[in-house]
Amino acid sequence: MKSFVKRAVLVILAIILLVAAVSAVEYLGGQPMGLFSGSRPINLGFSNGKFSPPLWKPNCVSSTV
C-alpha cells in the first residue's frame, strides 16, 4: 500500500509539472502554439435581438435563420 501511495504522488507531481511546462511555453514563449491565439470575430454572438447571419462557406449551417 505504501508503494501505491508513493507512485500516485509521483504521477500527480508529473502531471502538475507537465501542465506548468506547457503553460510556461504557451504564455512566455515567442510564438503562440494555437491555444488562445487569434482574436474574437466582431460579428460573433447575439446583437440587436438576433444572431448575425453566417458567412457563406460550403459547410456553413445556421439553425436560427
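How much accessible surface does the protein chain have, and what share of it belongs to carbon and sulfur atoms? The accessible surface comes to about 6500 Å², of which 68% belongs to carbon and sulfur atoms, with areas taken from the Shrake-Rupley method with a 1.4 Å probe, where for residues only the protein chains shown count as cover. This is a predicted model, in which local features need pLDDT of at least 70 and side-chain atom pairs count only at pLDDT 80 or more, while totals for chains, interfaces and linings use all residues. Residues are numbered from 1 along each chain as its sequence is written, and side-chain values use heavy atoms, with hydrogens and water left out.

**View 1. The elements of the protein chain run α-β-β from the N terminus on.** One helix and two strands are present, being DSSP runs numbered from the N terminus (helices H or I, at least four residues; strands E, at least two). Mean pLDDT, the predictor's confidence in each residue from 0 to 100, is highest among the elements for α1 (89) and lowest for strand β1, residues 46-47 (75).

**View 2. Val5 is found in helix α1, residues 2-28.** With a relative accessible area of 47%, Val5 is partly exposed, a class lying between buried (under 20%) and exposed (over 50%), with a 1.4 Å probe and protein chains only.

**View 3. Pro54 has its place in the segment after β2 (50-51).** Pro54 counts as partly exposed at 38% relative accessibility. The C-alpha atoms of Pro54 and Asn43 are separated by 9.1 Å, and these residues stand eleven residues apart along the chain.
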